[in-house]
Amino acid sequence: MRSIVTWIIRWLRQSASERDRSAVTPTEAKPAQRSIALTGPYVLVFCGPPCGGKSFVLDAFKRAHPEVCCYEMDSIRLNKLPGPINDDGARGAAYRIMHFYSARDLKAKRPVTLNATYMPARQRAELAALVVRQNVPLYVVQCVCFPNTATKRFEERLLRIRRRSEPEHAGSDLTITRVR
């Protein structure tokens, strides 16, 4: 997993023109590739299914780029809308709060990284409207995994929560069937 994260960070730093000339897979990535620093305001989104690895990749990105403002929909929902209700309304409100914070940072010319599933079309449309209004580039990292892998990760997280070694997870409404 670490080599994939390293490749993603290299790919993000690589110039767009160089990416267009040749598609590079993680196993073909060369350390000597020309890279550019991600500067100025931009939006980088880590999206994908529950237990798909978004938070893992985001944590690696935050360590490499501590200057970037990072927002996670799940943590916003837990902190701003606490309680047992995790329905469409609460998730929609958390997305709107996350986009509000992002707009504020983009207006201040700071880059933003977002972590959310972005499965509902309404949230993707809100994100698209945000980057158009702010006139900033949008980069998307789509995390994917096999259903069995996601299910295993979910079951392991449930065990850690039950043992109290990990705080409550925002996906408290998830079930193995929904994860799969």
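Lys-109 lies in the loop between helix H5 and strand E3 (112–115) of this predicted model. Its phi is near 65 degrees, a positive value in a residue other than glycine. Lys-109 counts as exposed because its relative accessibility is 60%, and the cut-off for exposed is over 50%.

Tyr-118 also has a positive phi, about 55 degrees, although it is not a glycine. This residue is found in the loop between E3 and helix H6 (121–134). Tyr-118 has a relative accessible area of 4% and is therefore buried, the limit for that class being under 20%.

Helix H4 (residues 73–80) packs against helix H5 (residues 88–107) at an angle of about 110 degrees, and their axes are 9 Å apart. H4 is therefore roughly perpendicular to H5, since angles of 65 to 115 degrees fall in that class.

On the H4 side, the contact is made by Met-73, Ile-76, Arg-77 and Lys-80. Their partners in H5 are Ala-90, Arg-91, Ala-94, Tyr-95, Ile-97, Met-98 and Tyr-101. By type, the residues of the contact of H4 with H5 comprise 8 nonpolar and 3 charged, with no polar ones.

How values were computed: Residues numbered from 1 in each chain as written. Predicted model: local features only at pLDDT ≥ 70, side-chain atom pairs only at ≥ 80, totals over all residues. Heavy atoms only, no water. Axes fitted to C-alpha atoms, helices over the stretch in contact; angles between N-to-C directions. Helix = DSSP H or I, 4+ residues; strand = E, 2+ residues; numbered from the N terminus. Parallel < 35°, antiparallel > 145°, perpendicular 65-115°, else oblique. Contact = heavy atoms within 4.5 Å. Nonpolar A, V, L, I, M, F, W, Y, C, P; charged D, E, K, R; others polar. Buried < 20%, exposed > 50% of the residue type's maximum accessible area, 1.4 Å probe, protein only.
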